[in-house]
Each structure stands twice: as C-alpha cells, then as structure tokens.
Amino acid sequence: MTMDFVDSGLYRDITDYAQDSPTWVQLAAEIGTEAGLLVFVALFDSGAQFLTRSPMAAA
C-alpha cells in the first residue's frame, strides 16, 4: 500500500509534532504503549485460561 500526497503530508505533520514534543511526553507515550501491550496480553491470557477452565470447555 502506498501513501498518496495527502497521506504523506499528514504523516509528516504527525511525526514532526512528535519529534518536537518535550522529552517527558515522548517517554510517557513510550511507556503507555508498552503498558497497553502488556495489559492486552494479560487480558488475552486471562480470557484463555477462563475458557479452558470453564465447564463448557469439557463438553
């Protein structure tokens, strides 16, 4: 998939804004991204364990 002219301009605006943001904002975004992934994995794992231990799984 290629970006057309409109998409590439928007992409550059977003990345320029992110690059110019203060260091603490960049760090908070990085930590938030990692924490979000960990929460997703934890929810996926707890859901999988719930489904394998439920009485309906044996049927």
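Trainee: How many helices and how many strands does the protein have?

Mentor: This is a predicted model, and the protein in it has 3 helices and 0 strands. Along the sequence, that reads as α-α-α.

Trainee: Which helix has the lowest mean pLDDT, and which the highest?

Mentor: Helix 3, residues 55-58, has the lowest at 63, while helix 2, residues 23-53, has the highest at 94. The protein averages 86, and 83% of the residues score at least 70. Where pLDDT is low, the predicted coordinates should not be read in detail.

Trainee: What makes the nonpolar surface patch?

Mentor: F40, V41 and F44 make it, with about 370 Å². To belong to a patch, a residue needs over 30% relative accessible area, so these three pass that cut-off. V41 sits in helix 2.

Trainee: What percentage of the residues count as buried?

Mentor: Buried means under 20% relative accessible area, and 5% of the 59 residues count as such. The accessible surface comes to about 5700 Å², with 69% belonging to carbon and sulfur atoms.

Note on methods:
Residues numbered from 1 in each chain as written. Predicted model: local features only at pLDDT ≥ 70, side-chain atom pairs only at ≥ 80, totals over all residues. Heavy atoms only, no water. pLDDT = per-residue confidence, 0-100. Helix = DSSP H or I, 4+ residues; strand = E, 2+ residues; numbered from the N terminus. Patch = residues over 30% accessible without salt bridge, like charges linked within 9 Å, V, L, I, M, F, W, Y side chains within 5 Å. Areas by Shrake-Rupley, 256 points an atom, 1.4 Å probe, with all protein chains shown as cover. Salt bridge = Lys/Arg side-chain N within 4 Å of Asp/Glu carboxyl O. Buried < 20%, exposed > 50% of the residue type's maximum accessible area, 1.4 Å probe, protein only.
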